[in-house]
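Welcome! Take a moment to look over the structure below, and then we will walk through a few of its features together.

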Amino acid sequence: MIADALRNLELDAVPLATPTGRLVGAQGLLLEAVGCPMHTGQRCQIETVDGGWLEAQVVGFRDKVSYLMPFKKAVGLTTGARVLPHAEKVSLQIGNGWLGRMVNGLGEPIDGLGKLTGEHVLEMQPPRVNPLKKKPVHEPLDVGVRAINSMLTLGKGQRVGLMAGSGVGKSVLLGLITRQTVADVVVVGLIGERSREVREFVDMSLGAEGLKKAVLVIAPADESPMMRVMATELCHSIAAHYRDQGKNVLLLVDSLTRYAMALREVALALGEPPATKGYPPSVFSNLPQLVESAGNGEHEHGSMSAIYTVLAEGDDQQDPIVDTARAILDGHIVLTRSLAERGHYPAIDVAQSISRCMNGIISKEHMLAARALKAAMARHDRVRDLIPLGAYVPGADPVTDKAVQLHPHIEQFLCQGTKEDAPYTPCVEQLERLMQ
C-alpha cells in the first residue's frame, strides 16, 4: 500500500500539460506572444529555427498579448514559434567560489573557468532593507585617494557618485579606488562600457591579487538592454549577499548612466512617452529603487559601500541623470575638464563635490582643516585671473595673500599619481599640517 501511495504521488507530480505560447510578432526590441498567461518579470524560452532556445523576460502585456524582451540578439525567430514560460522563480547558488570569477547579467560564467557553485540561494532582484533597521554610517572608508580621504571622506555604507563628462578620468579614478580601497570583497559591475576596457580593468586596475577577492558582472555596450539592466541589478544582489555574510563590501558600478539608458530603451520600446531629455518617467522611479538596495544592512557586522560613475553628457552638471543621482546618493564627486586640461589628476573639483556623511565620521580637527582648505581655494579663485596680468597687489588683504601663497602647496597635495598609495591616516595628518 505504501508503494502504491508513493507511485500515486509521483504521478500527481507529473503535469498533465505544459503551458505553451506562440510568437506572433517581433518589432525592434519587443517580441509578442499569445496563447499562454505570463506575469511581468517572468522568464521564458523562445524556440529558434535551428532548434535552439532564446531566453527572454516578460516586460508588459496588453489584452491577451504578452510583450517579451530577449536577453541576447533576437535572430532565428519565426512566427508561430513556441514560447515556454519558466514555471519556477529563477535563482542562483552563490558562495565563496564566486570570488575571482566573471559572470554576465544572468549569472553565467564567462571566464571559461567552469561552473559556479555555492551553498546559498541568491535572488536575482536586489533585497530591500527596512530603513529603520539599517546600520548607520559611522566609520571612515579608506579609498586610497588623497583628495577624497582628506576633503571628501567617505564612510562604510555610503553611496556616492563620480560625475564627469567623457574623457575626464572617471574610469581611471575608479581603477585607483579599486586597487587602494580596504575591503573584504569587491563587486564590480561594468555596464554598457567598451568591451576593450573589460580586460584592461581586470589586468591594470584589479591585478591578480585584487581579482582574488572580486566578483565582476559584465554587460558591455553590445549586449541587449535587458542584459544591461539584469547585470546592474545582479551586482547589487551579489554585494548584498556578502554584506549580510558579515563582510565589508565595496560595490563599483560603471556606469549608472548606461543603466538608465538601458531602462530608457526598454520603456520606449513598450510605448512609454519620453519626458525629460528622452527619458521616460519610469527611469526616474527605478533609479532610487536600485540605489536604495545598496548601503548597510540590518546586521551589526558587514557593510556595503557603493560608488557609481555618472556620465555628464556635454559636461552638463544639470543633465537629468546627473541631477537625479545627486539627489538620491549620499554624496557626489565632480571631475571637471578644466582641471584635467591643466594636468591636475585626479581632476576632482573639491568645491563642487560633497560627502554628506563626512561630518559625522571625522574628528573636529579634520573638519576645521578641510574647511580652511576650501576657504583658501575660494579666496584664490577670486584673484586667479588677476595674477597673470600683474593686477593683483599683495598686502591689501592678508587672508588673500595667505591663500595665494598656499595655492601651489594645495594643488600639489590634491594631485596624485595612478600608482601612488595614499592611506587615510597619513592623508588627514598631511592636511592638518598644511593648514596650520
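## A pair of helices

Let's start with helix H12 (residues 398-414) and helix H13 (residues 424-434), whose axes come within 11 Å and cross at roughly 175°. Here, axes are lines fitted to C-alpha atoms over the stretch in contact, and angles run from 0 to 180 degrees between N-to-C directions. Helices (H or I, at least four residues) and strands (E, at least two) are DSSP runs, numbered from the N terminus. H12 and H13 are therefore roughly antiparallel to each other, a label for angles over 145 degrees.

Which residues of H12 and H13 make the contact? H12 brings Leu406, His409, Ile410 and Phe413, while H13 brings Cys427, Gln430, Leu431 and Leu434; contact means heavy atoms within 4.5 Å.

## The sheet

Next comes an open sheet of eight strands with mixed pairing, in the order E8-E14-E13-E15-E16-E12-E17-E18. Two strands pair if DSSP finds at least two bridges between them. At the edges are strand E8 (101-103) and strand E18 (354-355), each pairing on one side only.

E8 and strand E14 (residues 214-219) run parallel and are joined by three bridges. Look for Arg101, which stands opposite Val215 in E14.

## Domains

The domain assignment gives domain 1 (12-85), domain 2 (92-362) and domain 3 (366-435); such bounds come from an automatic or database assignment. Between the C-alpha centres of domain 1 and domain 3 there are 61 Å.

## About the model

This is a predicted model: local features need pLDDT of at least 70, side-chain atom pairs count only at pLDDT 80 or more, and totals for chains, interfaces and linings use all residues. Residues are numbered from 1 along each chain as its sequence is written, and side-chain values use heavy atoms, leaving out hydrogens and water.

Conventions:
Parallel < 35°, antiparallel > 145°, perpendicular 65-115°, else oblique.
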